[in-house]
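Here are my notes on the model you sent. Please read them with the coordinates open.

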Amino acid sequence: MRKKNLLISLFSLMMVIVLSACTSNDGEASVEDTNNGKDSNEQMNMNEDNENSMEENMNNSSSEGEMNNASMGNGHMDHDDVVSLIDSTGENELNIPPVLKSDSNKGTEYTIRAQKGETEIFDGVQTKTYGYNDSFLGPMLQFEKGDTVKINLINELNENTTFHWHGLEVPGNDDGGPHNVLEPGEESTIEFEVTQEAATLWFHPHPEGKTSEQVYNGLAGLIYIEDQNSKNLELPSEYGENDIPLIFQDRVFDDEKQLNYKAAANEDGTVGDTSLINGTLNPKLTVDKEKVRLRLLNGSNARNYTVKLNTEDAFVQIATDGGFLNEPVSMQEITLTPSERAEIVIDFSQVKTNEEIALVNEEGTTLLPFEITDQTGKTIDIPDEMNDFSVTEEEKNLPVTKEIELFGMMDQVTINGKKFDSERIDFTQEQGVTEVWEIYNKPDMMGGMIHPFHIHGAQFKILSRNGEAPPENERGWKDSFSVAPDETVKIAIQFKNKGIYMFHCHILEHEDNGMMGQVKVE
Ligand code: C2O
Ligand code: CU
Ligand code: CU
């Protein structure tokens, strides 16, 4: 509480300073002081709409004298203070998304319907939800590298949607960005070849301005890609037994136990107090005494998850967003910002049947308790060498050819000072040519917040964070990464296919508020 009061007074003080700077030039010096020496004109140099509504916001808050608690609670000002999650009681066995079967016996042709439904998330209550081929969430699609996959897409919703394949290297036309709209009742078919290595990807809708609400209501599914390497590694791979997906999401349920997006929505990212994993409330996972592979996906609209064991025991991370790490990396906790994935392996072979062991978050909230059976499972060794990922000298020395500046908060978020315009191409890049992009998160008066940055259509390499080599567990293929306030991240990216691809903040409300741009690959 003391911290909150301090922040409130600090915030009000800054508002006064900034307001006086807006109306007179005398305030400029003091603004500079509070802005780490950044030029105050630059700070205020947003396009006119932004400036006006920024001022409006400022006037509102300073005339009230203090911010109300609701907006402090999960808003931008005090992001450490995001509403806490409720502990899982562990009363429900974790739901495992079904593997999507191919249509008839044609092998690699699938049908995916976006549909509405009702789901019993709480005992005896039907919650209105969205799902793919199901009332809530979606199936797991299993592809093999080299497959030519055909997918029939059907929109059974009463609103426009798109089907986006997050992390998949497909031509722009198949990518399901905001240009690939399916109207209610409309169908289309896409066909593409799976050319990338084994990885855990996901799919979700991407209609302009409506992504956050549709994902919130339940539209999200998994994609597993397998290849020769993933088979040779002999990792735990019995789906639902010792190879388990965990889709972390947080929600707010109203008094009727409904998902009321409009009521819950926050411009700076909608967070909730209720933790769902694979759509299961109060989940637990029953495992044998063996090594278990968990494929973690932060599928939330905005919440960052730091996941660890309550025992503080280490585990290994074996994969990033887009493939295996070269070697397993021992970790005590892992942070995933929205849309990031990681595969980890936890060794339960020595855990006692009655031991209380659980995945918890950074606050110690129980996310997923484990129930250990007295079965001894397979003995599996995680190989020391899993992949041949590398950053070449050439890549390290390439000049920066694309600069991205993330800035703003609430509905005032921008990339390079601009909001998304579906008619505007922000960058072009040549197919098959590696370029270095530099992404900078420019702080604001309140310090700023983490923006999870994502680019469609490619897996890329993180070259550096603030000039330093990335942590060991980011030395693998990535399609999303966190950018902290004032942090600069350099990546080397090559697109295998042509088309128009989005890049954006994966706080879905920021994306919907225009924190998105387009790169045309030709
Ligand atoms: Cu997860 Cu634009 O996507
Ligand atoms: Cu994507
Ligand atoms: Cu953002």
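**Notes on the predicted model**

1. Start with Asn-466. Asn-466 counts as partly exposed, at 46% relative accessibility. Its phi is near 50 degrees, a positive value in a residue other than glycine. Most residues other than glycine have a negative phi. Asn-466 sits in the loop that runs between β27 (461–465) and β28 (480–483). Keep in mind that this is a predicted model.

2. Asn-282 also needs a look. Here too phi is positive, near 50 degrees, and the residue is not glycine. Asn-282 lies in the loop between β12 (280–281) and β13 (283–289). Is Asn-282 buried or exposed? Its relative accessible area is 16%. Buried means under 20%, so Asn-282 is buried.

3. Next, the copper ion (ligand 2). Which protein atoms are its donors? They are NE2 of His-164 and NE2 of His-454, lying 1.9 to 2.0 Å from the ion. The pair links distant parts of the chain, 290 residues apart. His-164 belongs to strand β6 (residues 164–166), and His-454 to strand β26 (residues 451–455). Both histidines are buried.

4. Now the open sheet. Four strands form it, in the order β3-β2-β5-β7, with mixed pairing. Its edge strands are β3 (127–132) and β7 (187–193), each of which pairs on one side only. Neighbouring strands of this sheet are turned by 20 degrees against each other on average, direction ignored.

5. One pairing in that sheet can be followed in detail. Strand β5 (residues 148–155) and β7 run antiparallel, joined by seven bridges.

6. On packing, the largest nonpolar core has 41 residues. Which residues have the most contacts inside that core? They are Leu-246, Phe-248, Leu-294, Ile-346, Phe-348, Leu-359 and Phe-370. Leaving aside residues up to four places away in sequence, Phe-370 touches Leu-285, Val-287, Leu-294, Leu-309, Ile-346, Phe-348, Ile-357, Ala-358 and Leu-359.

7. There is a second, separate core of 29 residues. Phe-427, Phe-453, Ile-455 and Ala-458 are among its members. The copper donor His-454 lies in strand β26, which spans residues 451–455.

How values were computed: Residues numbered from 1 in each chain as written. Chains lettered and ligands numbered in written order. Predicted model: local features only at pLDDT ≥ 70, side-chain atom pairs only at ≥ 80, totals over all residues. Heavy atoms only, no water. Pairing = 2+ DSSP bridges. Helix = DSSP H or I, 4+ residues; strand = E, 2+ residues; numbered from the N terminus. Axes fitted to C-alpha atoms, helices over the stretch in contact; angles between N-to-C directions. Core = buried A, V, L, I, M, F, W, Y, C linked by side-chain atoms within 4.5 Å. Buried < 20%, exposed > 50% of the residue type's maximum accessible area, 1.4 Å probe, protein only. Contact = heavy atoms within 4.5 Å. Donors = N, O, S within 2.8 Å, 3.2 Å for Na, K, Ca; no water.
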